[in-house]
Amino acid sequence: MTGFAYRVKGTDITRTEATAALCADCELIWVHLATNDAEAQAWLLHQAQLPDYVVDALTATETRPRCDQIGTGAYLNLRGPSDEPMSMSDPLVSVRIWAQAGRVYSVTRRNLSAVKLVSDAVDAGAIHDPGDLIAEFASAITAELDPDVADLGDALDDCEEGLDAEKIFELRREVTMIRVKSIGYRRFLAPQRAAIEKLAALPVPWLQPDDRAHLVAAADRAARMTEELESIRERSALMHEALTDLRAEQIDQRSLVIAVVAMVFLPLTFLTGLLGMNVRGIPYADAPWAFYGVVWMCVAIAGLISLYFVRRRWFR
């Protein structure tokens, strides 16, 4: 069956073997499905014999992190990073997990990096029961997200240190990208923290005290990352405002220069237009020094106007 990866105590098996293994009395059977198509839904419903509402939750298209107890089992939805290209607004891949005594079913639609880490832990013999498996999922996901969030903070630090009027457009693009990424992460990390905390407090017999301790630690790390992402979002907004103010100041400076130049040449334009009229009566029109006199008069007027602006400190 395409997209299915069955595991019993860390060993990949076929669909037929997985169906047979579900009837065995094992300490842990983990079945991971890498698809949520109709074939996966049929297997979960008829072979695994899960309730239809659990199958619907495991194979839903749109999901968000949450945790629900149903009888002695628990449904958990988490989001984690992927090695596939993801959009900045939706940067995390979901894993849907149904756990009960001796059984764990997980479903992903896209490649989730944490699945390989959990699989390696199973192969190494570090996973013995459903509580261990879910705690390993939560720990692996939060451990992978931590450096990504730290990189966003470092990138924003670099932008703040490199604040320069000559790099406004590059900085605005970088800050916008950081802000969009932080919002995308925070959208899932905030409810994910609540989901892990809720799971750690569920009164189910297959969660041991050490499992709950690992879940609490993962929830604490998720809380810290959520706070860091909120700080990054607020700093990005302030950085964007600073860049906008810097750009406005830059435009004001250039507008001031244009206004000063216009003020210098305005009386000169009036003077040359007045003397350039083709009418009789213009003084010294026939004098040989008249042209040079007008030129020096314009220079003197321009100098006086420029001196006035300098003394008024318009150029500061």
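Trainee: What is the accessible surface of the chain, and how much of it belongs to carbon and sulfur atoms?

Mentor: The accessible surface comes to about 17,300 Å², and 56% of it belongs to carbon and sulfur atoms, where areas come from the Shrake-Rupley method with a 1.4 Å probe and, for residues, only the protein chains shown count as cover. Keep in mind that this is a predicted model, in which local features need pLDDT of at least 70 and side-chain atom pairs count only at pLDDT 80 or more, while totals for chains, interfaces and linings use all residues. Residues are numbered from 1 along each chain as its sequence is written, and side-chain values use heavy atoms, with hydrogens and water left out.

Trainee: Why is S113 called buried?

Mentor: S113, which lies in helix α4, has a relative accessible area of 17% and is therefore buried, since buried means under 20%, exposed over 50% and partly exposed in between, with a 1.4 Å probe and protein chains only. Of the 316 residues in the chain, 40% are buried.

Trainee: Which residues does S113 touch, leaving aside those up to four places away in sequence?

Mentor: S113 touches P81, S82, D83 and E144, where a contact means heavy atoms within 4.5 Å. Among the contacts in the chain with a separation of 6 or more, 69% join residues 24 or more positions apart.

Trainee: Why is S139 called partly exposed?

Mentor: S139, in helix α5, has a relative accessible area of 24%, so it is partly exposed. Leaving aside residues up to four places away in sequence, S139 touches H214 and A218, and its C-alpha atom is 9.7 Å from that of A222, 83 residues apart along the chain.

Trainee: What makes Q49 exposed, and what is its phi?

Mentor: Q49 has a relative accessible area of 64%, and that is why it counts as exposed; its place is in the loop between α2 (38-47) and α3 (52-58). Its phi is near 55°, a positive value in a residue other than glycine. Most residues other than glycine have a negative phi.

Trainee: How do you know that G71 is exposed?

Mentor: G71, in the loop between β4 (66-70) and β5 (73-80), has 56% relative accessibility and so counts as exposed. G71 and Q100, 29 residues apart in sequence, are 9.2 Å apart from C-alpha to C-alpha.

Trainee: Why is α4 called oblique to α5?

Mentor: Two packed helices are described by the angle between their axes and the distance between the axes. Helix α4 (residues 113-123) and helix α5 (residues 130-161) pack at about 135° with axes 9 Å apart, the axes being lines fitted to C-alpha atoms over the stretch in contact and the angles running from 0 to 180 degrees between N-to-C directions. That makes α4 oblique to α5, because under 35 degrees is roughly parallel, over 145 roughly antiparallel, 65 to 115 roughly perpendicular, and the rest oblique.

Trainee: Which residue classes make up the contact of α4 with α5?

Mentor: Among the residues that meet are V115 and L117 in α4 and F137 and I141 in α5. The contact divides into 10 nonpolar, 1 polar and 2 charged residues, with Ala, Val, Leu, Ile, Met, Phe, Trp, Tyr, Cys and Pro counted as nonpolar, Asp, Glu, Lys and Arg as charged, and the others, Gly among them, as polar.

Trainee: What makes α7 and α8 roughly antiparallel?

Mentor: The axes of helix α7 (residues 209-275) and helix α8 (residues 290-311) come within 9 Å and cross at roughly 155°, and α7 and α8 are therefore roughly antiparallel to each other. By class, their contact has 14 nonpolar, 2 polar and no charged residues.

Terms used. Helix = DSSP H or I, 4+ residues; strand = E, 2+ residues; numbered from the N terminus.
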